[in-house]
Amino acid sequence: MESTRKKLITLLANAKDSFVSGQRLSEELHISRAAIWKHMKALEQEGYQIEGVSRKGYRIVSFPDKMSINTIQWDLHTKWLGQEMYYKNQVDSTQTIAHQLAREGADHGTVVVADEQLKGRGRLHRPWDSQKGKGIWMSLILRPDIEPQRAPQLTLASAVSITRMLEKVCQAEAKIKWPNDIFLNDRKLAGILTEMQAEQDLIEYVIIGMGINVNQVQEDIPLSLQDIATSVKIETGSSFQREALIQDVLKEIETVYDQFMEEGFSAVKPYWEKAAYRIGETVTVKTRNLKWDAVLVGIQEDGALIVEDQSGKREILYSAEIDW
Ligand code: BTN
C-alpha cells in the first residue's frame, strides 16, 4: 500500500473518535492540505466514512465493511510479514497466486489475501470451501534458510500461531490436530496447506496457505461438512472483523517464525504440545497403504508424530491422516 495513505489511516485510527487537524496531518505526512483532501476522497471511495469539520479536522466515523489492503495494513504491527501484501476480491486460489509471485521473485514475507476463492484447495487435493466475505483465505511466501525436510515444522509453527490468535482475539481455546488442522469444540475451524519449491537441500520458497472459518453461520457450511466443520461465529456466537484476526495472526506467525529460525523447532514444540488435540487417545491412523488403530503419543523433536499400537509398538510418522 502507498505509505502516505497507510500513515494517514493510522493517524486517524489512533485518534479514535477525536478529530485530527488538517494542519497536523499535513505536517506529519509532509503533504499539502489539498493533497490530504484528495486522500480523504479516495478513502471515502473505499468505503471509509470520514467526517471533516472546519477548524477541527478529520475523523474516521466507520471503517469499510469490505476488506482491502488499507483495512488490513493500518493496524498491522509486523516487521517483515505482510509488509508486502496483495489483496484480491476473487481468485481461484491464493496458493496459485503466491506460487506465481514467488517464482517471479517476491520477497520473503509477502502475503496474498482474498475475499473469495473459487478453487480453494486443501491437503490431499481436497477442495476448501472459501465463501466470499466469510473467512480468512491467505497464503504467505517464506524463504527460510533450512533443510527442505524441516519445512513441515513450519506447518506446526503456523498452527501454534493460529491457536494463539484465536485465544487472544476471539477468546476461543482451539486445538491442533497433527499436522495441519485447527479444531474448536471437536469440529474443524481452520486448515493449513504447506507447499514448497526446493532442490535437494535448498528451499527456494515455502507457501503457507491458511483457511480460517470466521463469520459463517450454520447454513453457510456445505451440507457434506455440516457435522465436521465450524466457524468462530458458530462456536462463540460473535462475528469478528476479519482484519483484526489477520493482523494478529501475522504478528504471531512472525514472532514464532523468528524464534523457530533462531532457536530451532524445540522452541515451538512446547507450545504445540500445549494445544495438541487428542493426545493419549486412540485414533485411526491412515498412511498410503495401511490403516490401523493407535494411541497418539505426541511429537518428536523434529515434529514427526509418534503413535503406539495395541502391542506397544511405536511408529514415527512424517505423513499420515488421523481419524476417529
Ligand atoms: C486443509 O485443511 O486441508 C488445508 C486448507 C488450506 C486452505 C487455504 S485457504 C488459503 C489457501 N488457498 C488455498 O487454495 N488453500 C489455502
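Guide: Let us begin with handedness: a crossing is left-handed if the near helix is turned anticlockwise from the far one by less than a right angle, and right-handed if clockwise. By that convention the crossing of α6 and α8 is right-handed. This is a predicted model, in which local features need pLDDT of at least 70 and side-chain atom pairs count only at pLDDT 80 or more, while totals for chains, interfaces and linings use all residues. Residues are numbered from 1 along each chain as its sequence is written, and side-chain values use heavy atoms, with hydrogens and water left out.

Visitor: Why are α6 and α8 called oblique to each other?

Guide: The axes of helix α6 (residues 151–170) and helix α8 (residues 242–263) cross at roughly 135° and come within 8 Å. Such axes are lines fitted to C-alpha atoms, for helices over the stretch in contact, and the angles run from 0 to 180 degrees between N-to-C directions. Angles under 35 degrees count as roughly parallel, over 145 as roughly antiparallel, 65 to 115 as roughly perpendicular and the rest as oblique, and α6 and α8 are therefore oblique. Helices themselves (H or I, at least four residues) and strands (E, at least two) are DSSP runs, numbered from the N terminus.

Visitor: Which kinds of residue make up the contact of α6 with α8?

Guide: Contact means heavy atoms within 4.5 Å, and the residues that make it include Leu154, Ala157 and Met165 of α6 and Val249, Ile253 and Phe260 of α8. They divide into 13 nonpolar, 2 polar and 4 charged, where Ala, Val, Leu, Ile, Met, Phe, Trp, Tyr, Cys and Pro count as nonpolar, Asp, Glu, Lys and Arg as charged, and the others, Gly among them, as polar.

Visitor: What makes α2 and α3 roughly perpendicular to each other?

Guide: The axes of α2 and helix α3 (residues 33–45) cross at roughly 100° and come within 9 Å, and α2 and α3 are therefore placed in the roughly perpendicular class. Where they meet, Gly22, Gln23, Leu25 and Ser26 in α2 face Arg33, Ile36 and Met40 in α3, a set that divides into 3 nonpolar, 3 polar and 1 charged.

Visitor: Why is the pair α1 and α2 called oblique?

Guide: Helix α1 (residues 3–14) and helix α2 (residues 22–29) pack at an angle of about 140°, with their axes 11 Å apart, and α1 and α2 are therefore oblique. Their crossing is right-handed.

Visitor: How do you know whether Leu140 is buried or exposed?

Guide: Buried means under 20% relative accessible area, exposed over 50%, and partly exposed in between (1.4 Å probe, protein chains only). Leu140 has a relative accessible area of 0%, so it is buried. Leu140 lies in strand β5 (residues 135–142), and among the residues in contact with it, leaving aside neighbours within four places in sequence, are Leu81, Val111, Ile207 and Leu250.

Visitor: What is the case for Lys177, buried or exposed?

Guide: Lys177 has a relative accessible area of 11%, so it too counts as buried. Lys177 is found in strand β6 (residues 175–177) and touches Phe183, Tyr277, Ile322 and Trp324, not counting residues up to four places away in sequence. A polar atom of its side chain lies 2.8 Å from the backbone oxygen of Ile322, and a polar contact is a pair of N or O atoms within 3.5 Å; within protein, one must be able to donate a hydrogen and the other to accept it, and residues adjacent in sequence count only if both atoms are side-chain atoms.

Visitor: What makes helix α5 mostly covered?

Guide: Of the 10 residues in helix α5 (residues 94–103), 7 are buried, including Ile97, His99 and Leu101.

Visitor: Why is His30 called exposed?

Guide: The relative accessible area of His30 is 71%, so His30 is exposed. His30 sits in the loop between α2 and α3 and has a positive phi of about 55° although it is not a glycine. Most residues other than glycine have a negative phi, and most peptide bonds are trans. The peptide bond from Trp178 to Pro179, however, is cis, with omega near 0°.
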